[in-house]
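Me: I have a model to read. Please take me through its core and its sheet.

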Amino acid sequence: MTLRSLVSALMVASSVAACARSASTTTASVPGPRGSTYVLTESEIVSARLPSIYDVIQQLRPNMLRGRGPNEQVTGASPAEAGAAGRTINVYLDGKWLGDPSRLQSVPASAIKSVQFLNSTDAKSRFGSGHDAGAILVTSKH
């Protein structure tokens with residue numbers, strides 16, 4: 001083996017080791033059992049053992065219920081009116097507009113498969129104007 005090939009082999013080994021260290025550091029910073037900040041899974045919902053999906057969100061992901069930016073509110077009449085009145089988090093249940101987050105107080109947690117929060121950019125892209133505070137997408141088990 002020449003000196004040049006030996007140096008090349010050491011450089012490759014060093015790069016592989018650095019990548020492995022980087023991967024292990026990245027993995028260590030990923031949240032544990034709680035999961036994503038923007039998604040509530042069925043297992044998290046079930047293990048919360050709370051009556052309504054609103055209660056589950058309030059306990060496990062309270063930031064989903066908070067508006068973004070100045071003059072937020074969590075109540076509103078419709079996406080169009082919300083756009084005119086201010087920033088409102090809109091809630092969708094199985095793809096249909098449900099209203100504001102307070103409507104989730106009457107939805108049993110046991111009927112829900114997942115909950116996802118969309119930031120304002122993603123919500124506007126998907127649903128149009130009137131989603132300045134984002135959207136909460138709730139998927140039932142149906």
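**Core and sheet**

Reply: The largest nonpolar core has 21 residues, and those with the most contacts inside it are I45, I53, I57, L104, V115 and I136. A nonpolar core is a set of buried Ala, Val, Leu, Ile, Met, Phe, Trp, Tyr and Cys residues joined through side-chain atoms within 4.5 Å. Buried means under 20% relative accessible area, exposed over 50%, partly exposed in between (1.4 Å probe, protein chains only). This is a predicted model: local features need pLDDT of at least 70, side-chain atom pairs pLDDT 80 or more, while totals for chains, interfaces and linings use all residues. Residues are numbered from 1 along each chain as its sequence is written, and side-chain values use heavy atoms, without hydrogens or water.

Me: Which elements each supply at least two residues of this core?

Reply: Helices (H or I, at least four residues) and strands (E, at least two) are DSSP runs, numbered from the N terminus. Here they are α2 (42-48), α3 (53-60), β6 (112-118) and β7 (135-140). The largest share, 4 residues, comes from α3.

Me: What is I57 in contact with, beyond its neighbours within four places in sequence?

Reply: Contact means heavy atoms within 4.5 Å. I57 touches L40, P62, M64, L65, L104 and V115.

Me: In what order do the strands form the sheet?

Reply: Two strands pair if DSSP finds at least two bridges between them. The open sheet has 5 strands, ordered β1-β6-β7-β4-β5, with mixed pairing. At its edges, β1 (39-40) and β5 (96-99) each pair on one side only.

Me: How many bridges join β6 to β7?

Reply: There are 6, and these strands run antiparallel. L118 stands opposite A135 in β7.
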